[in-house]
Amino acid sequence: TYFVIDVCGAFDVRRYSAFPHERELLLAPGTTLRVDKISFSPPDVHNIMLTQEPFVPLPLTDDEPAGELRARLTAAETKIEALLAENSQLKQANAALQAENEKLKLSSAEKEKVWSIDTHSLARLPAHTHTHT
């Protein structure tokens, strides 16, 4: 089983690893991962694509009242929801731009084809001679 994780925050531990050629990362305790895709490759390999959800650390102190902690947690959750919504909007805008880019590539290719036809047509035209009197 292979896990591929799109991370937004992790600690690189390659220099401490027994396998420094591998890209090993250490995720913070409490990290939340979203499963994006699970696929199977014969003979017996499972590929699991994950995305790390944004992590907002909340330092806790013993002297902080529970109400203030709840308020900070709510503010952090609101910020995360806003960032996820913005990310979704950016993904949609990116998809629209990629679609427009494909249309422009096609348009450019069509123009190149027309230009190629025009230059071949011009090459077949009879030569004109000009006489000056």
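Visitor: Why is D36 called partly exposed?

Guide: The model is predicted, and its values are computed. D36 has a relative accessibility of 41%. Buried requires under 20% and exposed requires over 50%, so D36, at 41%, counts as partly exposed.

Visitor: What makes D36 and R34 a salt bridge?

Guide: Their side chains meet at 2.9 Å, N to O. The cut-off is 4 Å between a side-chain nitrogen of Lys or Arg and a carboxyl oxygen of Asp or Glu, so the pair D36 and R34 qualifies.

Visitor: Which label does R34 get for accessibility, and why?

Guide: R34 is at 32% relative accessibility, so it counts as partly exposed.

Visitor: What makes R34 and E53 a salt bridge?

Guide: The side chains of R34 and E53 meet at 2.9 Å, N to O. That value is within 4 Å, so the contact is a salt bridge. This pair links distant parts of the chain: R34 lies in strand β4 (residues 33–41), while E53 is in the loop between β5 (45–52) and α1 (66–124), 19 residues apart.

Visitor: Is E53 buried or exposed, and how do you know?

Guide: The relative accessible area of E53 is 17%. Buried means under 20%, so E53 is buried.

Visitor: How many salt bridges does the whole structure have?

Guide: The search finds 3 salt bridges. One of them is between the side chains of D12 and R14, at 2.6 Å, N to O. That is within 4 Å, so this pair also meets the cut-off.

Visitor: Why are D12 and R14 called partly exposed?

Guide: D12 is at 31% relative accessibility, and R14 has a relative accessible area of 32%. Both values lie between 20% and 50%, so both residues count as partly exposed.

Visitor: What makes T51 a buried residue?

Guide: T51 has a relative accessible area of 14%. The cut-off is under 20%, so T51 is buried. The place of T51 is in strand β5, and T51 touches D6, T32, L33, R34 and D36, leaving aside residues up to four places away in sequence.

Visitor: What makes T51 and D36 a polar contact?

Guide: Their side chains come to 2.2 Å.

Visitor: What makes strand β1 a partner of β5?

Guide: Strand β1 (residues 2–6) is joined to β5 by 5 bridges, and the two run parallel. At least two bridges are required, so these strands pair as well. D6 stands opposite T51 in β5.

Visitor: Why is the aromatic pair F11 and Y16 called stacked?

Guide: The count comes to 1 aromatic pair. F11 and Y16 are 6.4 Å centre to centre, with 20° between the planes. The centres must lie within 6.5 Å and the planes under 30 degrees apart, so the pair is stacked.

Visitor: Which accessibility labels do F11 and Y16 carry?

Guide: F11, at 44%, is partly exposed. Y16 has a relative accessible area of 54%, which is over 50%, so Y16 is exposed.

Visitor: How many helices and strands does the protein have, and in what order?

Guide: There are 1 helix and 5 strands. From the N terminus on, the elements run β-β-β-β-β-α. Of the 133 residues, 9% count as buried.

Conventions:
Residues numbered from 1 in each chain as written. Predicted model: local features only at pLDDT ≥ 70, side-chain atom pairs only at ≥ 80, totals over all residues. Heavy atoms only, no water. Buried < 20%, exposed > 50% of the residue type's maximum accessible area, 1.4 Å probe, protein only. Helix = DSSP H or I, 4+ residues; strand = E, 2+ residues; numbered from the N terminus. Phe/Tyr/Trp six-rings, centres within 6.5 Å; stacked < 30°, edge-to-face > 60°. Polar contact = N/O pair within 3.5 Å; in protein donor to acceptor, adjacent residues only side chain to side chain. Contact = heavy atoms within 4.5 Å.
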